Amino acid sequence: MNSTGKELSQADLIRNYILMGLDPEVQTKLYKEFWRPMELDFGQEAYGEYFDDFMRHYLTVKTGEIPKVREVYEAFKVHSRTKDVATAGVEELVKEIRRFSKYFCSMALGSEQDQDLSKAFHDLRELKVDVAYPFLLDLYNDYSEGVLSKADFLAVVRMIESYVFRRAVCNIPTNSMNKTFGSFSKNIKKDQYLNSVKAQFLLLPSYRRFPADKEFHREIQVRDLYNFRSRSYWLRRVENFGRKERVAVDEYTIEHIMPQNKNLSEGWKSTLGDDWESIHESWLHTLGNLTLTGYNSEYSDKTFPEKKNMKGGFKESPLKLNRGLGELESWGLPQINERSKRLADEAVDIWTSPKVTAAVLDTFKEVKNPKTTYTIDDHPHLASPAIKEVFEAFRVEVLKIDPCVTEEFLKLYV
């Protein structure tokens with residue numbers, strides 16, 4: 001409690017714990033030179049919240065353990081008493097915390113000055129990739145100290161973005177990612193930094209895997225991307241990919257080429273054919289049927305030829321997402337599938353997967369005692385139509401239970 005009876009935040013507790021018992025002049029010096037600037041960087045209003053988040057990630061980097069949200073202060077006390085930290089002294093500890101806080105503010109709070117890195121960090125923030133910050137802090141420290149080049153740092157940041165987005169599209173449970181990123185740095189060979197990171201991603205086990213191009217290409221075509229958490233993010237990335245003159249996607253609204261209205265007009269029913277209800281239900285919110293426009297209210301539920309030829313219609317649109325729509329005569333399942341495939345091809349190039357040769361990958365594999373390995377192919381009964389759907393739903397739910405739950409195919413059972 002402070003003098004007003006208000007409970008102290010973990011940030012205040014940590015600050016007081018560090019400075020208590022020091023000579024008053026040393027206290028003043030450390031606070032003015034390091035702690036106060038950090039408080040200002042985090043912002044007066046949200047200092048406690050941001051500092052607690054930062055300190056949790058910092059401790060994960062330093063200890064290899066992820067503190068519980070409510071136990072950051074206690075975890076910090078334990079860390080500060082370890083031999084190496086205690087030997088280095090309070091001033092070195094405060095300096096290091098300040099240094100890492102700058103990295104955090106650059107990435108999480110938008111203070112990065114380098115334009116390329118700033119854009120990459122902005123994309124990560126839109127994806128809400130908080131679990132990756134322990135790994136990112138370690139990366140930024142190596143970048144700051146010249147161990148990691150800017151080009152390789154940027155490549156790894158984009159790799160993290162691709163990993164998180166691909167998994168979201170492929171509907172892989174997220175509960176394993178905190179442990180994935182919390183321990184990622186332990187296995188990095190810093191003399192081969194970029195290839196080592198790529199190999200680490202490629203060697204992750206099934207439920208933590210980096211979705212391959214084929215899986216991602218397939219899933220992004222059928223996933224509901226309209227109700228997707230990061231809808232504005234993926235639209236902006238697709239629209240601006242390869243552009244030097246960036247489009248402010250927020251100034252546009254998302255448009256369903258085949259309208260959302262369940263009571264489709266006779267013109268739309270005729271275009272879609274006898275199976276119009278099924279097509280509408282299955283493909284309405286998917287990649288192939290979604291685009292951007294500044295004329296959403298004017299488009300309304302008009303037929304495709306009307307949307308194409310009206311003032312500001314698809315034929316006149318300057319947006320890359322609308323490329324090719326002005327050349328079509330109608331809009332139905334074949335056109336949705338064709339556009340979906342084309343955009344999925346682009347998506348594979350935007351959210352790229354790590355690429356290394358088999359020989360390079362082999363050098364990063366741990367040497368283990370050889371043993372027989374099994375896969376789902378060794379359990380053909382799971383591939384039967386009656387069981388496959390049930391098994392896929394079951395495995396998703398089981399893996400959601402806890403980050404410690406893993407999936408392993410054995411000879412007789414999973």
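This is a predicted model: local features need pLDDT of at least 70, side-chain atom pairs count only at pLDDT 80 or more; totals for chains, interfaces and linings use all residues.
1. Within what distance do the axes of helix α7 and helix α13 come, and at what angle do they cross? The axes of α7 (residues 115–127) and α13 (residues 231–240) come within 9 Å and cross at roughly 150°. Axes here are lines fitted to C-alpha atoms, for helices over the stretch in contact, with angles running from 0 to 180 degrees between N-to-C directions. Helices (H or I, at least four residues) and strands (E, at least two) are DSSP runs, numbered from the N terminus.

2. Residues are numbered from 1 along each chain as its sequence is written, and side-chain values use heavy atoms, with hydrogens and water left out.

3. The crossing of α7 and α13 is left-handed, a term for the near helix being turned anticlockwise from the far one by less than a right angle, clockwise being right-handed. On the α7 side the contact (heavy atoms within 4.5 Å) is made by His122, Asp123, Glu126 and Leu127, and on the α13 side by Ser232, Tyr233, Arg236 and Arg237. These residues divide into two nonpolar, two polar and four charged. In this division Ala, Val, Leu, Ile, Met, Phe, Trp, Tyr, Cys and Pro count as nonpolar, Asp, Glu, Lys and Arg as charged, and the others, Gly among them, as polar.

4. Salt bridges deserve a separate point. The whole structure holds 33 of them, each being a side-chain nitrogen of Lys or Arg within 4 Å of a carboxyl oxygen of Asp or Glu. One network of salt bridges links Asp123, Glu126, Arg158, Glu161, Arg236 and Arg237. Asp123 and Glu126 of α7, and Arg236 and Arg237 of α13, also take part in the helix contact described above.

5. In one, Lys29 pairs with Glu33, their closest N and O atoms being 3.7 Å apart. Because the two residues are four apart in α2, about one helical turn separates them. Lys29 is partly exposed at 34% relative accessible area, and Glu33 is partly exposed at 44%; buried means under 20%, exposed over 50%, and partly exposed in between (1.4 Å probe, protein chains only). In the other, the side chains of Arg98 and Asp41 meet at 2.7 Å, N to O. This pair links distant parts of the chain, with Arg98 in helix α6 (residues 90–108) and Asp41 in α2, 57 residues apart. Arg98 is buried, with a relative accessible area of 11%, whereas Asp41 is partly exposed at 36%.

6. A further salt bridge joins the side chains of Arg209 and Glu215, at 2.8 Å from N to O. Arg209 is partly exposed, with a relative accessible area of 28%, while Glu215 counts as buried at 15%.

7. Is Asn289 buried or exposed? Asn289 counts as buried because its relative accessibility is 0%. The residue is found in the loop between α15 (276–283) and β2 (290–293). A polar atom of the Asn289 side chain lies 2.8 Å from the backbone nitrogen of Met258. Leaving aside neighbours within four places in sequence, Asn289 is in contact with Glu255, His256, Ile257, Met258, Trp283, Leu284, Trp331, Ile336 and Arg339.

8. Lys62 lies in helix α3 (residues 47–63) and is partly exposed, with a relative accessible area of 34%. Beyond its neighbours within four places in sequence, Lys62 is in contact with His79, Glu96 and Phe100. A polar contact of 3.1 Å joins the side chains of Lys62 and Glu96. Such a contact is a pair of N or O atoms within 3.5 Å; within protein, one must be able to donate a hydrogen and the other to accept it, and residues adjacent in sequence count only if both atoms are side-chain atoms. The C-alpha atoms of Lys62 and Asp138 are separated by 9.3 Å, the two residues being 76 apart along the chain.

9. Most residues other than glycine have a negative phi.
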